[in-house]
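Here is a short briefing to read alongside the model. Please have the sequence and the 3D view open as you go.

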Amino acid sequence: MWLSKSHRVLPGFHVGLGYTVTILTLLLILPLVACLLKVATLTPTQFFAAVWTERARATYLLSFGASLVAAVINVAIGLLLAWVLVRYEFWGRRFLDSLIDLPFALPTAVAGLVFSSLLVEKGWYGQVLVPLGIKGAYSQLGIIIVLVFVGLPFVVRTVQPVLESLEGDTEEAAAMLGANRWQTMWRVLLPALQPSLMTGFALSFARGLGEYGSVIFISGNMPFKTEIAPVLIVARLEQFAYAEATAIAVVLMAMSLVSLALVNWLERRSRRYAP
Amino acid sequence: MSISICNISKQFGDFVALKDVSLEVPSGSLLALLGPSGSGKTTLLRIIAGLEQADSGHIKVQDEDVSQLSARDREVGFVFQHYALFKHMSVFENIAFGMRVRHLKDAEVRPRVNELLHLVRLEGLGNRYPSELSGGQRQRVALARALAVKPRLLLLDEPFGALDAKVRQELRTWLRNLHEEMHVTTVFVTHDQEEAFEVADRVVVMKQGHIEQAGTPQDVFDHPATPFVMDFLGHVNVFHGRLEAGQMHLPGFAMEYPEYQHATSRDATAYVRPHEVELDRTPQLETSLPVRVVHVNPAGPVTRVRLVSDAFGAAINVDLSPGRYRELALRPGDQVFATPKRLRVFLPDDYVI
């Protein structure tokens with residue numbers, strides 16, 4: 001690779017690598033190093049005391065748990081939405097299709113505000129749900145709802161192109177071989193979509209971990225109950241405990257990296273048949 | 001198993017894909033549906049398979065009316081032009097698929113798949129994925145997969161359409177041999193007349209949703225029923241002229257046509273196949289046409305010569321045997337004489353000769 005002289009469209013490998021490294025350094029690595037340096041001002045005991053309190057552990061659990069549940073829900077809803085948008089022709093399809101991207105553009109704080117006003121006792125949804133004992137606003141359920149909202153487009157947009165590229169004759173082939181709809185779905189279509197579903201899952205999950213704006217408006221931010229890790233960081237900042245805030249951030253980052261690496265590995269494994 | 005296709009019609013919106021098509025496919029035969037795109041050949045195949053529903057008419061397989069059966073209940077093997085293999089499954093699992101969905105035991109599946117891998121000459125490749133195979137190998141996997149469930153019929157939609165010339169040739173011969181071993185009633189769709197004639201024992205020529213002619217390859221080639229069939233079967237030379245008292249009169253020259261002896265003159269179109277024209281340095285008959293050589297293509301089993309008649313103003317294509325070509329030593333610009341040996345005349349209003 002280092003020595004190969006080839007005629008590529010983009011300028012040589014060295015220029016390309018230099019560019020990539022520079023951008024990554026400026027955008028990712030230097031900020032990370034800054035975080036780590038800040039954390040290094042703490043002694044190990046202080047560090048541990050900052051990041052492993054009962055309250056902090058509760059926020060990690062909620063951040064990861066809610067993101068995980070939301071990502072799972074998004075995979076199910078997103079697959080169905082993508083299916084309908086790709087496979088059926090109907091009036092207003094293009095409009096619906098462009099609507100999918102809305103959560104990308106909408107300030108997430110707006111989403112949080114709108115959902116919390118809908119889910120409170122007097123809100124449109126709340127009127128129906130609260131008497132049934134389902135409390136959407138200021139609860140963990142609310143967090144999951146807004147995370148589903150912000151993560152949904154990731155699944156739809158990753159599954160859609162793959163679904164479009166799946167030729168109809170694959171399904172016809174399954175039918176000709178005697179498979180019923182159920183068998184065609186489970187044995188032929190889902191396995192073919194699995195890598196893109198995994199990618200959509202990973203993106204939605206990652207988005208959920210980093211989400212802040214919408215959650216603070218719907219969760220109520222009650223310690224031990226509805227406080228997510230980013231909120232705890234802000235809480236620490238407000239107490240001018242910068243090093244402690246950064247320590248929690250670093251732990252959150254490390255956990256995110258590990259879980260994303262895991263999802264990526266699973267995704268690569270599910271792609272092994274298409275080298 | 002024989003297939004009876006009775007009065008099938010099919011319309012897609014305003015487009016008439018098939019109009020009142022009837023056809024018998026004898027048990028154990030290998031039949032080619034031949035025609036240009038839009039002739040309805042693929043639609044007919046898909047209706048036989050149950051992938052498409054006819055607007056009217058019915059399909060019988062060995063006296064059983066299958067028109068109302070869904071594709072999965074018809075026990076038909078279908079091979080798609082673009083293979084339609086399951087990309088996430090190994091070759092082995094692709095072939096096993098039909099048996100897996102029928103919940104056959106592994107002890108039954110394994111030997112059958114191995115037998116089929118042997119049949120399509122892909123032993124040892126069972127663990128590969130379709131993306132690791134060549135086009136020809138993929139099409140053979142598709143065929144093995146279709147045969148695995150012991151179908152009553154085998155249908156192939158332009159099976160070699162996406163392959164390069166050499167592989168096509170090999171697979172044609174191989175399909176022919178395979179059919180001789182298996183004797184499954186087989187229908188395949190092609191737009192390549194050479195392929196149809198080489199592989200099939202019955203050829204059905206289709207045009208704009210109806211059958212122009214059906215018969216053995218020999219029948220169809222020697223006795224084309226319509227100008228369309230004649231035209232479709234090769235680069236044929238077409239002459240428009242008048243028919244009168246045993247002669248076909250064209251501007252500038254005439255050709256013998258003893259089949260028409262009426263004195264009344266009629267407009268007619270004459271077709272001459274490129275290999276049914278002789279070329280000479282000196283005129284063979286009084287009526288031989290003086291022509292000028294424009295282009296010679298000596299590559300291939302026949303030498304293709306393009307000529308133009310300066311008096312007549314038309315291009316003529318002639319196929320020569322390489323031996324004859326060497327004898328004549330033709331070069332572009334040479335003046336020679338063309339003598340049609342066999343003429344087929346079609347009268348415009350279906351006049352019966």
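Two strands count as paired if DSSP finds at least two bridges between them. Helices (H or I, at least four residues) and strands (E, at least two) are DSSP runs, numbered from the N terminus. This is a predicted model, in which local features need pLDDT of at least 70, side-chain atom pairs count only at pLDDT 80 or more, and totals for chains, interfaces and linings use all residues. Residues are numbered from 1 along each chain as its sequence is written, while chains are lettered from A and ligands numbered from 1 in the order in which they are written.

**The sheet in chain B**

- Five strands form an open sheet with antiparallel pairing, in the order β13-β12-β11-β14-β20 (chain B).
- At the edges are β13 (253–256) and β20 (344–346) of chain B, each pairing on one side only.
- From one strand to the next, the twist averages 40 degrees.
- Within this chain, β11 (residues 237–244) of chain B and β14 (residues 266–272) of chain B pair in the antiparallel sense over seven bridges.
- Leu243(B) has Arg266(B) of β14(B) as its bridge partner.

**The helix pair in chain B**

- Helices α2 (residues 91–100) and α3 (residues 106–119) of chain B pack at an angle of about 130 degrees, with their axes 10 Å apart (axes are lines fitted to C-alpha atoms, for helices over the stretch in contact, and angles run from 0 to 180 degrees between N-to-C directions).
- The contact (C-beta atoms, placed from the backbone, within 7 Å) involves residues including Phe92(B) and Ile95(B) of α2(B), and Val109(B) and Leu116(B) of α3(B).

Methods:
Contact = placed C-beta atoms within 7 Å.
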